[in-house]
Amino acid sequence: MAIYHLRVNTISRSSGRSSVAAAAYRSGERLVNRLSGSVHDFGRKQGIGFSAVMLPSAAPDWMGNRQELWNAVEASEARVNSRTARELVLALPVELSADEQVELLTGFVRAELVERGMVADVNLHDADSHNPHAHVLLTTRAVGPDGFGGKVRDWNRVELLAEWREAWADHCNAALAASGDTARVDHRTLVAQGIQREPTRHHGV
């Protein structure tokens, strides 16, 4: 049964996290944080069905390199409590094939995130299991040919999260319909849908 899940997290130095470490874990790669000298090696991680860095048109080509991208993100932040990245965690419909899941995911990321100017580091986990889900790490600064500019405060709006939630449901339902499946998802709360039952929780790995 198709389920709906979209959650937004932040990667912040105030909680002891780095975007380099987060990207290494989600992509299953070995990345080095040049600021701290830390090596984050997740090369043995299993279950990654798709991995890509998606760039807006204004971004230089080097940002497509995960190592260079997230080290540049860390270098652009001077404060000890800086938010270095935003993350979307999305559940994908089990009714879709692996290729259909990738098409759904990249279509949503391109239309709703990359077209706004964000660099998106996209990783699909457990595509062949009962729990296919994606981690999308997003940059927080404006991007230009010379690299990163200022923080884009518009991306912090509560209203934008509501737009993303509805858009993800729309993208999922369009993909399900295109595949011939009758399942549908709904981004609204159970109360808004008129359903009287306890909400379930989406469990990660």
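This is a predicted model: local features need pLDDT of at least 70, side-chain atom pairs count only at pLDDT 80 or more; totals for chains, interfaces and linings use all residues.
**Stop one: along α2**

Now select residues 66-75, which form helix α2. Eight of its ten residues are buried, leaving the helix mostly covered. Colour the buried ones if you like: R66, Q67, L69, W70, N71, A72, V73 and E74.

**Stop two: α1 against α2**

Two packed helices are described by the angle between their axes and the distance between the axes. Because angles over 145 degrees count as roughly antiparallel, α1 is roughly antiparallel to α2. Turn the view and you can follow α1 as it passes α2 in a right-handed crossing.

To see what touches, show the side chains of S19, V20, A23 and S27 on α1, then R66, W70, N71, V73 and E74 on α2. By class, this contact has four nonpolar, three polar and two charged residues.

**Stop three: Q101 in α3**

Finally, move to helix α3, residues 98-112, and pick out Q101. Is Q101 buried or exposed? Q101 is buried, because its relative accessible area is 1%, under the 20% cut-off. A polar atom of the Q101 side chain lies 3.4 Å from the backbone oxygen of L96. Leaving aside neighbours within four places in sequence, Q101 is in contact with L92, P93, V94, L96, L124, A127 and P132.

Notes
Residues are numbered from 1 along each chain as its sequence is written. Side-chain values use heavy atoms; hydrogens and water are left out. Axes are lines fitted to C-alpha atoms, for helices over the stretch in contact, and angles run from 0 to 180 degrees between N-to-C directions. Helices (H or I, at least four residues) and strands (E, at least two) are DSSP runs, numbered from the N terminus. Angles under 35 degrees count as roughly parallel, over 145 as roughly antiparallel, 65 to 115 as roughly perpendicular and the rest as oblique. A crossing is left-handed if the near helix is turned anticlockwise from the far one by less than a right angle, and right-handed if clockwise. Contact means heavy atoms within 4.5 Å. Ala, Val, Leu, Ile, Met, Phe, Trp, Tyr, Cys and Pro count as nonpolar, Asp, Glu, Lys and Arg as charged, and the others, Gly among them, as polar. Buried means under 20% relative accessible area, exposed over 50%, partly exposed in between (1.4 Å probe, protein chains only). A polar contact is a pair of N or O atoms within 3.5 Å; within protein, one must be able to donate a hydrogen and the other to accept it, and residues adjacent in sequence count only if both atoms are side-chain atoms.
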